[in-house]
Amino acid sequence: MLPLVVVIATVPPLFRSSLGRPVLSGPELTQDLDGFRIHYTAEGPDAVDESYLSEVQRGLVEGQAIFEEEGWPRPLPDNGEGGNDAIDVYILELDANGYANPVDVGNNDSSCYIRLDPKLPPLGGVIASVARHELHHCIQFRYRTNLPSWLYESGATYEQYSHAGDDPVLEAAAATLWASRLSEPERRLGNDQSPYATFLWSKFWAEYTGYDPERLVGLWEALQGDDHWANAMEEAAQDAFGESLDEVFLQYAVHNRFACANDDGQHYLDEPLPCVADVSVPTRMFEDTVRIEHDERRFTAAYFDISASETENSLGIHCAGVPGTRSALVTVNEDGERLVTATEDPWTGTLWVRRGPGEGARLIVAGTEAKLDATCVEVPKASAPRGCSTAPRGTGILALACLLTALRSRRAS
């Protein structure tokens, strides 16, 4: 049960309302450090000892240094309710590991205060990691305080575990989250049943096209304001990757197919936050025609494996469905390593790829505008556009050559 206990550190469901400052079970004591004031007691059910306090301090100080190195701003000073302008951290009995609450400081800006449970287990870096998680919520509140909870948990959980170091307790907790996200691709991004498992979206955002944690700062800068989160994320995707949010989500789904037990060394990075779970996304074998129907709202995915070919041939797959349906097709060798990404016929939307003997393929289908409802069919080989089957998607000259070849073929016909 410990891994599940470790991950529950969050913003309260009604965090936008003022709850007032906590009252401890015994005489209140304080410790001050750069930018923080810790409120604790040595009596009653809220009592903690020096070793607990030392871990809280470590989580706050190390977390603040890490966040600044990544490009995050410091939390705004609060309004002085805790005795000064420092970020107040209260240690008292809770129904979760920790909470962060925003504090309105005027001019549409927010600071915060933090609450931590005194019964956090003194194992590994659990206490420090929860403090780091809640501190990141305080930074998020600088940008906005009315977003869906999964966006806050995605970022804070990623920061909580990606800086855990070689800690077997926290590795076990992270493995639980990896398994939760990968095992249910039909669950929409941001499903409230497991908001912490959306840490994988933040990991992908930081690693797609090369590791750069400052892209997460850019994401939150885009989320600032009144736009719907998806519209803001569309802007952030264009700024960070030069691609639409639809395409970025599809590539996130592709990364998940090559994660953990199916890692090919070409997608998610081992550092920070490696996968320590022996888990993979559930897949179906592709037949001549497959139908996909998901019950949840947009931002879900489905996966299919295509048997290895005995001879060299062209493989074409066409997927059609509700608006926002996107698909990717890649060949793999016998070890499951990605070889070639299919190109898309610009007129028919068919994905074409050339396979060698013994090469299989993987089909990834994603939906980003509505519940995923799509049908994918194999296209006869005779329909393959000449000269286009081996060029990977978006590979400059090769992709242009494919397009020109298809144009000439159309004009000739």
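## Disulfides

At 0% relative accessibility, Cys376 counts as buried, where buried means under 20% relative accessible area, exposed over 50% and partly exposed in between, with a 1.4 Å probe and protein chains only. The model is predicted, so local features need pLDDT of at least 70 and side-chain atom pairs count only at pLDDT 80 or more, while totals for chains, interfaces and linings use all residues. Residues are numbered from 1 along each chain as its sequence is written, and side-chain values use heavy atoms, with hydrogens and water left out.

A disulfide joins Cys376 to Cys319, with an S to S distance of 2.1 Å, under the rule that a disulfide is a pair of cysteine sulfur atoms within 2.5 Å. The torsion about the S-S bond of this pair is about 115°, so the disulfide is right-handed. Because Cys319 lies in strand S9 (residues 313-321) and Cys376 in strand S15, the pair ties together parts that are 57 residues apart in sequence; helices (H or I, at least four residues) and strands (E, at least two) are DSSP runs, numbered from the N terminus. Cys319 is also buried, at 13% relative accessibility.

By this rule the count comes to three disulfides. In another of them, the sulfur atoms of Cys112 and Cys138 are 1.9 Å apart, and the S-S torsion of about 90° makes the bond right-handed. Cys112 belongs to strand S5 (residues 109-116) and Cys138 to helix H3, so parts 26 residues apart in sequence are tied together. Cys112 is buried at 0% relative accessibility, and Cys138 is buried at 0%. Cys260 and Cys275 are joined with an S to S distance of 1.9 Å; Cys260 is buried at 14% relative accessibility, whereas Cys275 is partly exposed at 25%. With the bonded cysteines numbered in sequence order, the pairing is 1-2, 3-4, 5-6.

## The five-stranded sheet

Strand S15 also takes part in an open sheet of five strands, ordered S7-S15-S9-S13-S12 with antiparallel pairing, where two strands pair if DSSP finds at least two bridges between them. Strands S7 (289-293) and S12 (343-344) stand at the edges, each with a single partner strand, so one side of each is left without a neighbour in the sheet. S7 and S15 (residues 373-379) pair in the antiparallel sense over five bridges, and Val290 stands opposite Cys376 in S15.

The buried residues are Arg215, Leu216, Val217, Leu219, Trp220, Ala222 and Leu223. Their cover includes helices H2 (50-70), H3 (126-143), H4 (149-162), H6 (199-207) and H8 (229-241), with contact meaning heavy atoms within 4.5 Å. H7 is followed by Gly225, whose phi is positive, near 120°.

## Cavities

A search of the whole structure finds five cavities of 30 Å³ or more; on a 1 Å grid over the protein atoms alone, a cavity is a set of points where a 1.4 Å probe fits but cannot get out, and lining residues have an atom within 4 Å of a point. The largest cavity holds about 90 Å³ of space, a volume being the space filled by probe spheres set on the points, which are joined across faces, edges and corners. Its lining has 14 residues, of which Arg181, Pro185, Tyr252, Asn256 and Ala301 lie nearest the centre.

The second largest cavity holds about 50 Å³, and its lining includes Leu219, Trp220 and Leu223.

How values were computed: 1 Å grid on protein atoms, 1.4 Å probe; cavity = no way out; pocket = protein on both sides within 12 Å on 5 of 7 lines; lining within 4 Å.
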